Amino acid sequence: MVKLYDTGVYLVNGRELVPDGPEAGAALRQLTGREVPKEEAVRGTMAYGIIQAHNTSGDPDRLKIKFDSITSHDITYVGIIQTARASGMTRFPIPYVLTNCHNSLCAVGGTINEDDHMFALSAAKKYGGIYVPTNMAVIHSYNREMMTRCGKMILGSDSHTRYGALGTMAVGEGGGELAKQLLGRTYDFARPGVIGIYLTGKPQKGVGPQDVALSIIGKVYANGYVKNRVMEFVGDGVDSLPVEYRNGIDVMTTETTCWSSIWRTDAKVEEYYDIHGRKEDYRELNPAAVAYYDGLVYVDLSKVEPTIAMPFHPSNTYTIAEFKAHPKDVIAAVTEAGRKQFENAKFEFALDQKLRNGEIWVDQGLVAGCSGGTFDNVCAVADILDGHSCGNGSFTMSVYPGSQPAYLELVKNGAIQKIVSAGAIVRECFCGPCFGAGDTPANQEFSIRHTTRNFPNREGSKPGEGQISYVALMDARSIAATAINGGRLTAATEIDASYTTPKYFFDQSIYEKRVFDGWGKADPAAELKFGPNIKDWPEIPALTEDILLKVVSYIDDPVTTTDELIPSGETSSYRSNPLRLAEFALSRKDPAYVGASKEVLAIEQRREAGEDPTLGDAGVAGAFEVIRGLPGFAGIDARAVGIGSTIYANKPGDGSAREQAASCQRVVGAWANIAQEYATKRYRSNCINWGMVPFLTRDKGVFEKGCYVFVPGVRKAIAEGSDGIRAYVIRGGKAEEITLSVGELTPDERKILTAGCLINYYRAGN
């Protein structure tokens, strides 16, 4: 059972809940014997204390955070290091972990993936970084094992950077924010609200961390209950959960769109640090005697049931029992939503074919990555599979342990033997299934996965080309239960399994023998190794006083994911080549986007060369004819007006932290996004760091594909922090005046936008 409070809530002595309201003062006096000002209680959360310990601004509400370490993987670190190099970086000022868990197959593009790895190793030597070779660990497993510390903060360029269960506040952001840390700068942000996640009770046998996580996501995603806030896990239920179970819940908090997470710590967490040879990194964390939360999610763990997130989002949740009781209704709902999402689809939805003789049959089961591949999850899978068979039909199952130390212990305790003997495949430490580069299902197959996301095309299919598969998220235990039934959907609570829960022993020597740890030992004489695909960022112009935008893509979906803005799987090999990667921008959502944006870019490049942009392009010429008819603009010089493309989307940016969702638009000529709202802070930050103005509008009806938007005085408005910005939508030879806004911007963000991008901002000596 998951309940959301509609008021703020006071937590007293870690147990008593007092809803905010007229009676709160009396209740607090009765429990504490004194008056408790709300301002004091706000400072009583764990999140508040950790954030303020890292805030360098002197203002508790206007944050300038310096992180203790940062981390990236091999589809993000090249761009980050290239950005920092171009901005003047000479060494890594804090520990920087470079993992290799995304492009580790090295299967596409010839040598270029391994070239990236060699670049990272050379950068670790030159600048003093930590290099984790391919297949040693997925990014978050390594950071949990080696980099977390209670009360510390880690910034990662992967959206699932979450280590709250280990007492570390971690944030997933775009590469620009990591580049700032490499340049000794700060992460600037208004102090976020804090939502209490009150856990009580104990999960029933067979219910795993993914079940709990999905139950929470299903309640808080659509209503934005925790968006851009900190989720703070408290309550007596925390005590009942093993640490890896907590890690499994924690990593999925990203799918709620929260900013970060933190948990109270206890003897179990202390034991985790002791096992990993880092007992000194533990300290007990608890909220103060009275802590105030801006909202609260109450979770009775004993009532959580095995849960499934149906296509095409982690929030599309049902209990497995509910799905099995009403399969036709659930499948019909998923199909209807899919048809709306893929209105021009070149395929027919066939999920109903997975219902046979009243049973639901799936084709594939996967347990992988930072959410599924934990030691405890894999041990539970092994216990369920022990002595059984996955069958020799169409159903297949694969397991990806999260790290080599975990893998070795799974070999020693016999878990791997049980899994392999049942016919499942044990694979390397690899994040591929989470972004479409490993175990891609066949067309029209139904895959159940203990991974992080089930967005369309996230598993490797291409709906725009007539390829579709259906991915549902489930816990590893129910996936294994389904496997022993040959693919018949089965909740783990339906079987009688004996869980051995073996103790974990960590062998750090595995890392000592292979990981290059150059932190604090930078060698400026070392040379960077560049492969032919590693390219510098192209020159990006500064924001002009006035801009003219052409809407080259209009997306009316409720939410647009980063996977739709820049696809994941097949693009990974080109993440080090900005121009080549940009060819994939919106390719699955609007295949005409890149060509249309490049046409606008060509006009802007002629303008930058001193030519009249109205010559040779009827659309731009017509737009300026309308502009010159507006009061005060009769003599406007088109050569002084920046010309760029833009997209309109209702709510862009749900999902990955990778900055390429924004930078790819920028390098093919985009100067802005226009939206009702931005799905995540990290996508909006990416737009800002790449010089794309994050416009907000309430007038979506005035835009259409092909129209122009003239924004006079935009540079001055942004520089001065204006709330409303006058603009004109030009279509059909007429102009309609509207008001745009850019939301709240920090002083540095305003300077970055006017400079044209983060690199320009730092090159100017800021």
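## Basis of the description

A residue is called buried when its relative accessible area is under 20%, exposed when over 50%, and partly exposed in between, using a 1.4 Å probe and protein chains only. Helices (H or I, at least four residues) and strands (E, at least two) are DSSP runs, numbered from the N terminus.

This is a predicted model, in which local features need pLDDT of at least 70 and side-chain atom pairs count only at pLDDT 80 or more, while totals for chains, interfaces and linings use all residues. Residues are numbered from 1 along each chain as its sequence is written, and side-chain values use heavy atoms, with hydrogens and water left out.

## The chain as a whole

The protein chain contains 27 helices and 34 strands. Its radius of gyration, taken over C-alpha atoms, is 26 Å, close to the 27 Å given for 766 residues by the globule rule (2.2 Å times the number of residues to the power 0.38), so the chain is as compact as a globular protein of that length. The C-alpha trace spans about 80 × 65 × 60 Å along its principal axes.

Of the 766 residues, 63% are buried. Among contacts (heavy atoms within 4.5 Å) between residues at least 6 apart in sequence, 77% join residues at least 24 apart.

## Helix α15

In α15, residues 404–412, the buried residues include P405, A406, E409 and L410. They cover an arc of only 140 degrees around the axis, taken from the directions from the helix axis to the C-beta atoms, which puts them on the same side of α15. An α-helix has 3.6 residues a turn, so residues three or four places apart point the same way. The cover over the buried residues of α15 includes α6 (139–146), α14 (375–385), α16 (415–421) and α18 (509–514).

At the start of α15, a side-chain oxygen of S403 comes to within 3.2 Å of the backbone nitrogen of A406. After α15 comes G414, with a positive phi near 90 degrees.

## A five-stranded sheet

Five strands, in the order β1-β15-β11-β12-β13, form an open sheet with mixed pairing; two strands pair if DSSP finds at least two bridges between them. β1 (2–4) and β13 (260–263) are at the edges with a single partner strand each, so one side of each has no neighbour in the sheet.

Strands β11 (residues 194–200) and β12 (residues 230–234) run parallel and are joined by five bridges. Within this pair, G196 stands opposite E232 in β12. Helix α3 (residues 46–54) packs on the sheet and touches β11, β12 and β13. The direction of α3 makes about 130 degrees with that of β12, where axes are lines fitted to C-alpha atoms, for helices over the stretch in contact, and angles run from 0 to 180 degrees between N-to-C directions.

Conventions. Polar contact = N/O pair within 3.5 Å; in protein donor to acceptor, adjacent residues only side chain to side chain.
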